[in-house]
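Here are my notes on this one, as numbered points. Have a look at the model alongside them.

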Amino acid sequence: HVRCGLKNETIASEKGFHLDLCRSIAAVLLGNPDNFVGVPVSVQTRFVKLNDRDVDLLLWGDTHTIEREVREQTTGAGFTFSSPYYYDGLAYYGTETFVDCAEKEQRYGHCSSLRICVLEGTSNQEFLESTFPSNFIFPSSWMDLESRIKNGTCNAFAGDRSGLLVIKTWGIYPKELVLGNKLRTKEPLAIVTRNSDREFSDVINWVVQGLYYGEEQGLTRNSSLCQNYKSLTSLVSDLNFMNGVYCVGNYGEIIFGDRYLTAEESNRGMNQINDGGNGMLYATPFGELGREGNFPPDLDITSGTLLDDIRKRERLNCGVIVPNGSDEQLIEDGNKLFGMSIDYCHTLAAAIFYGESNSVTLTSYSESDNGGFDALNNGVIDVLAGARVHKKYDFGGFHFSTPYFYGNETDIGDLNMFSFATRDGDVVFASFANTIILATMYAQESGVASKQMPFMSIFGFDLGWALKDAIQYSGSYGDMYSRNFDNVEEEKRGRNVLNNNGGPQIHSFPGLFP
């Protein structure tokens, strides 16, 4: 069976999309959606229990941040996050007057009585502490939360909007309480696994991709196609990833089905399939990159890693794919994408070597063979830029960063996505490389120059200026795109613009089926 770390309330209610996601994983891994055990974990213990192998994964509504990917606070360990199953954000629930105060961040007049409860130990608490004085904030346990709302200690509750929707359905709070619509933060909620279990983490992520794919293709829950395995496959890449859809439901059925939410509450926002009508660039939140006390000056998580080796040899070896054209537009964009990939190699070098962007050896590889991936696998290169995301490579011992270029496909087939590829075993370097790609998107999203980029000590204080050095060379994502694609207007860039309007963000990775 699969051991899913869940909230007590989810286990007790025996329903909810977290439980259905766990059932989907069991259906794919073991051929039976009921072959799982829900293990209760709390806000304080969830990462500890995962790190100690008391659970196999967390389905708790955890936000993917780079901080947690590299060094989570309670364990000092890094974790792997699936593609988001829900793009969420902090919202407020409570008395209408004080929800309005909280959304406007007002603290004077009648708003001086604002008191906000928030679950302790969450990224939402971190946001509030940067937004309101401490006397406005009441970090609370689940046990304390209900009583504090009911006895008036708090007149508003801050939490992920998806979680607040679920709480609203419990019916334990007064009916006059309202749920605000403004999202104050970016909270991509993902399934969490251990960094040491890369193959298992890949399986979990492809279960999520299968649910996306099911909705894209119009495949729905169908008990007649729900396959009860008679034997388990020896290759995890051969698992039936559609079993999660047929046994439990596709992405839309699980997350937004009428089993849990009303039509009004099911406003999907970013949680819809992207058909090319808006941008898909999304910078995963950094979290606290330089939290005082969490990253002591003598901490060096890079010691003995590939990132350490690269710094000692004073040279980054970056392979660059010359893309094949699967359609006319991609053929036309090939050289431009190649230039952008080279740009990202130099940006990564600048981040590693204190701004020296030329401390990189570039080697080009044709996409028509596997030369680039062979070179990466054999250690000839450290990273492969312009790598096309695909299931066969993901299960072939490689890890893909956040894509930095998307194709313009609008049909229901595979979508071309291009990114950095690294080796599965190079966990720290993979996170570092991914952070640099995200930095270019963050710089555009925040409208900041290199000097305003955050200090980053999670990879060691020697690399504290890495984000500043990277953006000093590259500029923002928009700057890089303009340099390599001849100043194409944003409205003509398809998916290659920031998703700032809350439009559809969901799309499956290529390769689920030949």
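1. Does Leu 19 count as buried or exposed? Leu 19 counts as buried, because its relative accessibility is 9% (buried means under 20% relative accessible area, exposed over 50%, partly exposed in between, with a 1.4 Å probe and protein chains only). Leu 19 sits in helix H2, residues 17–30, and touches Leu 6, Thr 10, Glu 14 and Phe 36, leaving aside residues up to four places away in sequence. Touching here means heavy atoms within 4.5 Å.

2. A word on the source: this is a predicted model, where local features need pLDDT of at least 70 and side-chain atom pairs count only at pLDDT 80 or more, while totals for chains, interfaces and linings use all residues. Residues are numbered from 1 along each chain as its sequence is written, and side-chain values use heavy atoms, with hydrogens and water left out.

3. Now the largest nonpolar core, with 114 residues: Leu 316, Leu 348 and Phe 432 touch the most other members. Such a core is a set of buried Ala, Val, Leu, Ile, Met, Phe, Trp, Tyr and Cys residues joined through side-chain atoms within 4.5 Å. Among the residues that Phe 432 touches are Leu 307, Leu 348, Met 456 and Phe 459. A second, separate core has 28 residues, including Val 55 and Phe 157.

4. Helix H16 (residues 427–446) packs on helix H17 (residues 466–474) at about 60°, with the axes 10 Å apart. The axes are lines fitted to C-alpha atoms over the stretch in contact, with angles from 0 to 180 degrees between N-to-C directions. On the H16 side, the contact includes Phe 432 and Ile 436; on the H17 side, Leu 467 and Ile 471 are among the partners.

Methods. Helices (H or I, at least four residues) and strands (E, at least two) are DSSP runs, numbered from the N terminus.
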